[in-house]
Amino acid sequence: MKKLLLVLLVSLGLQTQAQINQYCDSIEINLVSSSAWCNLETNISSLNLPPTASVDYDWTLVDPTAQWNWAGWDASATPNFWLQSNTTTNNVNPLYFNDTLVICLTILITDSMQGMGNITWNCYNSCEDTLFWNGSQWNLLSMMQQPPSITCDSITSTYSNITPNSIDVTTNSMSLGIQWPIHAWDLYEGGWNGQLTYSDTTVNTTIPLPSPNLVDTFVLCNWSDYGAFPYSCYSCDTFAWNNGNWNLLSMIQQPINYCDSISYTANSINYPFETQGHVGNLSNTIDWSWAVCFPLTGGLCYTANTQVTAWPQASYDDTISVCYYAIVEIDNTTDTICEECDYWIYDGFSWVVFNINNPTSINELTYETVNDNKIYDMLGREVNNIEIGTMYIRNNKKFIRTE
């Protein structure tokens, strides 16, 4: 029976503890008066506490800029603070007055439980509410309408009136509604590794630019720091001297590498060996020239001038060198020449490309010498009789019969 009673008491205690924790999580702070008189209250009366419960309050206002010294204290349910530097109320400390004060609230809820006596629960807000003075009244930060989610990507830099000597700049970094914004423009001459030569904290300003006779590149950075998320942001843009003026690098038309679009393939299975040039998305006029050589059979070469070319000269015991030269006509006076050379080797089944500049592996070849005294003519045929004055091969050496 005693064990059963203990279990019931423990179960009742846990349920009560969970209920009290729910109360603590539901407590909110409200600002009733927002003038110089700062009247605070909570929503305790709407939480339906047990009628036997008693509530004690400990309100403490602290100055985060003065080593968290107290700026106000009160033990009533709805304290009223005269938050001015010349205050005469007893619950405010004029020595630690600032335009931003943190509210630390402790609420003690006490209730009696059958068989357990009086139990007190401590609800603490972890100093997560803030009062700030906007110049005319006090505001409770948690009661203000929160702006939409703002990230560093929300910050913009706008450039206008770009001349060889100056540039007009503006940013939205100070108007995003984030606490305590700080902003600066920094200019670095010569690029990222250059020297900081100018800095300005004005949001809308005209920045003097370096002489293009001294540097041809500068970097302009937009720095922003805040007292809340996203805390610290920066973005930088590079300007380059081009065609007599400073240009944002992303706006300068980048040169086109036509050769990146030029390539070729070879028919690696069917006979004869065939090459075909490819031009990607280029619409330019392109003149193709091919040179196909057979280095293992005397270096004999053949040429062609068509985009698709068949090479009947190739045989399956050859190593083929394939080179193309593609002349891309850009305008009436400018051409670009693209070229590439590869080796193709027949592996017994198909032609495969072998780029000797980038071998994938190197294996040692084992050479085995066979000396069997057999005689061969110069065509590699085995013979038994050699006429006088005739050259022949024996044991991998050349001989001439003289007698």
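Tyr234 is exposed, with a relative accessible area of 53%. Trp223 counts as partly exposed at 30% relative accessibility. Here buried means under 20% relative accessible area, exposed over 50%, and partly exposed in between (1.4 Å probe, protein chains only).

Before going on, please note that this is a predicted model, where local features need pLDDT of at least 70 and side-chain atom pairs count only at pLDDT 80 or more, while totals for chains, interfaces and linings use all residues. Residues are numbered from 1 along each chain as its sequence is written, and side-chain values use heavy atoms, leaving out hydrogens and water.

## Aromatic pairs

Searching the whole structure gives eleven aromatic pairs (Phe, Tyr or Trp rings, six-membered ring for Trp, with centres within 6.5 Å; stacked under 30 degrees between planes, edge-to-face over 60, tilted for the rest). One of them joins Trp223 and Tyr234: this pair is stacked, at 4.7 Å centre to centre and with 20° between the planes. Trp223 sits in strand β15 (residues 217-225) and Tyr234 in strand β16 (residues 232-242), so the pair, eleven residues apart, links distant parts of the chain. Strands are DSSP runs of E with at least two residues, numbered from the N terminus.

Trp288 and Tyr324 make a tilted pair, because their ring centres are 5.5 Å apart and their planes stand at 55°. This pair, too, links distant parts of the chain: Trp288 belongs to strand β20 (residues 285-294), Tyr324 to strand β23 (residues 319-329), and 36 residues separate them. Both Trp288 and Tyr324 are buried. Elsewhere, Tyr159, Phe218, Phe239, Trp241 and Trp246 come together in one aromatic cluster.

Strand β20 takes us to an open sheet of five strands, ordered β21-β20-β23-β24-β25 and paired antiparallel (two strands pair if DSSP finds at least two bridges between them). At its edges are β21 (300-304) and β25 (351-354), each pairing on one side only. Between β20 and β21, which run antiparallel, there are five bridges. In β21, Leu300 is the bridge partner of Phe294.

Another open sheet has three strands in the order β10-β11-β14, again with antiparallel pairing. Its edge strands, β10 (157-160) and β14 (205-208), each have a single partner strand, so one side of each has no neighbour in the sheet. Four bridges connect β10 with β11 (residues 166-171), and the two run antiparallel. Ser157 has Thr171 in β11 as its bridge partner.

## The second largest pocket

The second largest pocket has a volume of about 240 Å³. A pocket is an open set of points on a 1 Å grid where a 1.4 Å probe fits, with protein on both sides within 12 Å along at least five of seven lines; lining residues have an atom within 4 Å of a point. Its lining includes Cys24, Ile27, Glu28, Leu105, Tyr124, Asp129 and Ser142. Strands β6 (100-113) and β7 (117-124) are the elements that give two or more residues to this lining.

What is the make-up of the lining by residue type? Seven residues are nonpolar, two polar and three charged. One of the lining residues, Leu105, has its place in strand β6. Leu105 is buried, with 3% relative accessibility. The C-alpha atoms of Leu105 and Asp129 are separated by 9.0 Å, although the two residues are 24 residues apart along the chain.

Conventions:
Grid points are joined across faces, edges and corners, and a volume is the space filled by probe spheres set on the points. Ala, Val, Leu, Ile, Met, Phe, Trp, Tyr, Cys and Pro count as nonpolar, Asp, Glu, Lys and Arg as charged, and the others, Gly among them, as polar.
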